[in-house]
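Please read these notes with the sequence and the structure open beside you. The points can be checked one at a time.

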Amino acid sequence: KIDNIRMFITAELRGSQAKTGKIVDERYFILGLEHIESFYLLKDLFFDEKDLILKQERYNESPYELYESMVVTKNNRKISLSFVGKDSLAEYLKNIPSYSIVYDKDKLLFANKSKLKPEEGHKEVDSKTFNENAVSFFMNLIEVAASLSRKDLFTANFQYDRVKSEALDLIKLYVYYKYEDKITIGKYGQDLTNHLEEEYLDMLKESFHTANIDDFWSSVFNLASMYRKIGLEISRTNELEYPKKEDVETLNYLRFLYDNFGRNLWKKS
């Protein structure tokens, strides 16, 4: 009944978390407005300020006007709100992997549904880029191992975040090719468990133990092994050049660091 609201959309959780239930009740609403400058008049439709324990707000004017609010309420509810001008909503939705159109007063989204394909998935790469990305992964993994060799657990963990991000990029590329660009797994791998083979999932899970140096070393080798297996599979099925020599040399160097500064010396100290 509010004339300013032209489209109402809900975005859904993806992957196993949505199927097994949530500890926090999460809601994500997107509204396309006729007059975006009046967004502030609509916030109290979704939450009461006095019920909040935390609020984060963001307003952008470029590339289009956008107001976003994320709140956590006292009754264990997390609400995300996005207000977008109706003419910019189709562009905004390209970055939302899963959503449902509840109401479209002007039928703009239904008419342009073919243009709303999410842009979150990976794109096809050439052989040179594929090779360079792998070399970057190996180089950054060596930096992590060097920090572990110095027993610098904090630095190693921060460096490892970059390495995990590069591994996720490879997984996204693998899914892109495997499913012929028909699905995406989400920016942070929300749908990973549904689209990655159990063998790769197990290796990935075993690469996240970084609380102590012993486990961290095992995680490094597991992630390197997973990257090699997936990288070689992509290379074989898509005729991309995988840097086998650099891979082997990196693993040899990691084992050298582990044998001399990981497994042996740190236990003696």
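1. A residue counts as buried under 20% relative accessible area, as exposed over 50%, and as partly exposed in between. Arg58 has a relative accessible area of 40%, so Arg58 is partly exposed. Please keep in mind that this is a predicted model.

2. The sheet comes next. Six strands make up an open sheet, in the order β3-β4-β5-β2-β1-β6, and their pairing is mixed. At the edges stand β3 (52-60) and β6 (99-104), each of which pairs on one side only. On average, neighbouring strands of this sheet are turned by 15° against each other, direction ignored.

3. In which sense do strand β1 and β6 pair? Strand β1, residues 5-11, runs antiparallel to β6, and the two are paired over five bridges.

4. The charged side chains deserve a separate look. Over the whole structure, a search finds 20 salt bridges. Among them is the one between Glu68 and Arg58, at 2.1 Å from N to O. Glu68 belongs to strand β4 (residues 66-73) and Arg58 to strand β3, so this pair ties together parts that lie 10 residues apart in sequence. Is Glu68 buried or exposed? Its relative accessible area is 17%, so Glu68 is buried, whereas Arg58, at 40%, is partly exposed.

5. A further salt bridge joins Lys78 and Glu26, whose closest N and O atoms are 3.7 Å apart. This pair links distant parts of the chain: Lys78 is in strand β5 (residues 77-85) and Glu26 in strand β2 (residues 25-33), 52 residues apart.

6. Glu91 and Lys94 form another salt bridge, with 3.3 Å between the closest N and O atoms. Glu91 is partly exposed, since its relative accessible area is 40%. Lys94 has a value of 18% and is therefore buried.

7. Salt bridges can also share partners. Which residues are joined into one network in this way? They are Asp3, Arg6, Glu34, Lys86 and Asp106.

Note on methods: Residues numbered from 1 in each chain as written. Predicted model: local features only at pLDDT ≥ 70, side-chain atom pairs only at ≥ 80, totals over all residues. Heavy atoms only, no water. Pairing = 2+ DSSP bridges. Helix = DSSP H or I, 4+ residues; strand = E, 2+ residues; numbered from the N terminus. Axes fitted to C-alpha atoms, helices over the stretch in contact; angles between N-to-C directions. Salt bridge = Lys/Arg side-chain N within 4 Å of Asp/Glu carboxyl O. Buried < 20%, exposed > 50% of the residue type's maximum accessible area, 1.4 Å probe, protein only.
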